[in-house]
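Morning, everyone. Please have the structure up on your screens. I'll walk from the whole chain down to single residues.

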Amino acid sequence: MRTPETAYDRRRLRQWLAGEARADGVSRRDMLRLLAAAGLAGAAPVALSAPAAAASTAGGIVKPLPADLFTVRGTNAETRFASLAGTGYHTPNDRFFVRNHTATPVLSEADWKLTVWGDGLTHDRPVEFSLADLKNLPAVSRSAFVECAGNGRSFFTSQQGQTVSGTAWTLGAIGAARWRGARLADVLKRAGLSRRAVDVLPRGLDADYVTAEGADLGRVRRPLPLSKALDDVLLAYEMNGEPLPHDHGHPVRVLVPSWVGIASIKWVGDIQVSARPLYTPWNTDFYRLFGDAHPDGGSAPLTRQTIKSAWELDAQATLTAGVTHRLTGRSWSGGGGVVHVEVSTDGGATWTAARLHDAPRRDGWVRWSTHWRPASPGPHTLLARATDSTGRTQPDATVHNTQGYLFDAVVRHVVNAV
Ligand SMILES: Nc1nc2c(c(=O)[nH]1)N[C@H]1C(S)=C(S)[C@@H](COP(=O)(O)O)O[C@H]1N2
Ligand SMILES: [Mo]
């Protein structure tokens, strides 16, 4: 599949080979592996300096994480899907999942500023924006989900018997919110965007990310191609009508609709605008597909999210047999709005259409419901399978990748009738 990002990535890598790209905090080995995968090799790449060591920080989420709303996983908190039943279209801020590489920094609006800098600006001179400056630009509201690329990762193991690395999310590493903020395009234009600009690199103000092996990868940052940066990306300062909460990037985060969550950098403090392609560990070693079914050096950097469905029920939920229940759930896709959802209550032997409660929405999910009367006590397997506006339907199994990204298969949700 030759997506625009694939072609763009090959061009970037060629430029790195020619010494025209920058790779900060990326090992030479990773760059060489990517070059091999893209079928580019030959010239000797420039030497890279070794990353400096730093102490790792303890995880910390500011908002309360009651057990009926969240499952805590390391420095992260997964939304319990059962807690979304009846909450409306947007995920309330108090139950929106949190994915932190390190810990939530508590930043003040008054002290915050955004620095836009780099050789992709016309004057190559840093330009600063206060929160008031951002609010003086035209405000845009948009409804979009943020979903971790690893959402559903645990099912590679529990359903497919495969080993993957990373946080063992079930399906709750997603939330949909109404975001309000300035267009990144307006900020870049105001800063003086040059025609030479190719990459935009937002960077968080949270602490350096130190891997389990002790490598300091620097602050969380991932390059965005200029084409996406100028398209539909926001610098959001409101979430569901409230100032952005601390855990979700207060006072300002990047919001990249339909793309993997890592693109939506929280607590953004500076944005490098570059005339040369940029690499960070977040578009080299992470957020590509590696494994037997993928090119040796990995796929192109991940962009759009995949397609999924979830029941608003706990795993192993208990339901009364012989009684009709109204069951609810949600389905979503990064490829387009969800147009159809089928459900099965007998492990996949028979399927019926679920009733959809929302029109198909790009960058969003649809709520759905079905009625079911468990005829007999005992375990039953519920399945839900979505189809999006591009015609894509959830498969029975997901092709394995070592880091467990983009799980899209139908999940087998076991409940117990009593
Ligand atoms: N600065 C910063 N931005 C970040 C992260 C982070 O750890 N630090 N995590 C990313 C990842 S992997 C995801 S999935 C989303 C999660 O957003 P949320 O915590 O608001 O749900 O934020 C992204 N932005
Ligand atoms: Mo993520």
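**A walk through the chain**

Of the 418 residues of the chain, 56% count as buried. Keep in mind that this is a predicted model.

Let's start with overall shape. The C-alpha trace spans about 70 × 50 × 40 Å along its principal axes. What is the radius of gyration of the chain? The chain has 22 Å, which agrees with the value near 22 Å that a compact globule of 418 residues would have.

Now the fold. How many helices and strands are there? The chain has seven helices and 23 strands. Look at contacts with a separation of 6 or more: 73% of them come from residues 24 or more positions apart.

There is one annotation to mention. UniProt, in an unreviewed entry, lists residues 101-282 as "domain: Oxidoreductase molybdopterin-binding". Over residues 101-282 the chain is 14% helix and 31% strand. The end C-alpha atoms of that stretch are 12 Å apart.

Next, the aromatic rings. The count comes to twelve aromatic pairs. Take phenylalanine 81 and tryptophan 365. Their ring centres are 6.2 Å apart and their planes stand at 65 degrees, so the pair is edge-to-face; the cut-off for that is over 60. Where do the two partners lie? Phenylalanine 81 is in the loop between β3 (76-79) and β4 (113-117), while tryptophan 365 is in strand β21 (residues 365-372). The pair therefore ties together parts that are 284 residues apart in sequence. Are they buried or exposed? Phenylalanine 81 has a relative accessible area of 7%, so it is buried. Tryptophan 365 is buried too, at 0%.

Here is another pair: phenylalanine 156 and phenylalanine 407. This one is also edge-to-face, with 5.1 Å centre to centre and 80 degrees between the planes. Phenylalanine 156 belongs to helix α4 (residues 154-158). Phenylalanine 407 sits in the loop between β22 (378-388) and β23 (413-417). So this pair ties together parts that are 251 residues apart in sequence. Phenylalanine 156 counts as buried, at 0% relative accessibility. Phenylalanine 407 is buried as well, at 0%.

Rings can also gather in groups. Ring pairs link Phe96, Phe97, Trp169 and Trp179 into a cluster.

On to charges over rings. Lysine 135 lies over the face of tyrosine 237, at 5.3 Å from the ring centre. Arginine 361 places its charged end over the ring of tyrosine 89, 3.9 Å from the centre.

Hold on to those last two residues, and find serine 143. Serine 143 lies in strand β6 (residues 139-147). At 15% relative accessibility, serine 143 counts as buried, because the cut-off is under 20%. Which residues does serine 143 touch, leaving out those up to four places away in sequence? The contacts are Tyr89, His90, Ala177, Arg178, Arg361 and Asp363. As for threonine 75, it is 68 residues from serine 143 along the chain, and their C-alpha atoms are separated by 26 Å.

To recap: seven helices, 23 strands, and twelve aromatic pairs.

Terms used:
Residues numbered from 1 in each chain as written. Chains lettered and ligands numbered in written order. Predicted model: local features only at pLDDT ≥ 70, side-chain atom pairs only at ≥ 80, totals over all residues. Heavy atoms only, no water. UniProt positions renumbered as here; feature names shortened; annotations may be inferred. Helix = DSSP H or I, 4+ residues; strand = E, 2+ residues; numbered from the N terminus. Phe/Tyr/Trp six-rings, centres within 6.5 Å; stacked < 30°, edge-to-face > 60°. Buried < 20%, exposed > 50% of the residue type's maximum accessible area, 1.4 Å probe, protein only. Lys NZ or Arg CZ within 6 Å of the ring centre and 35° of its normal. Rg over C-alpha atoms; globule rule 2.2 N^0.38 Å. Contact = heavy atoms within 4.5 Å.
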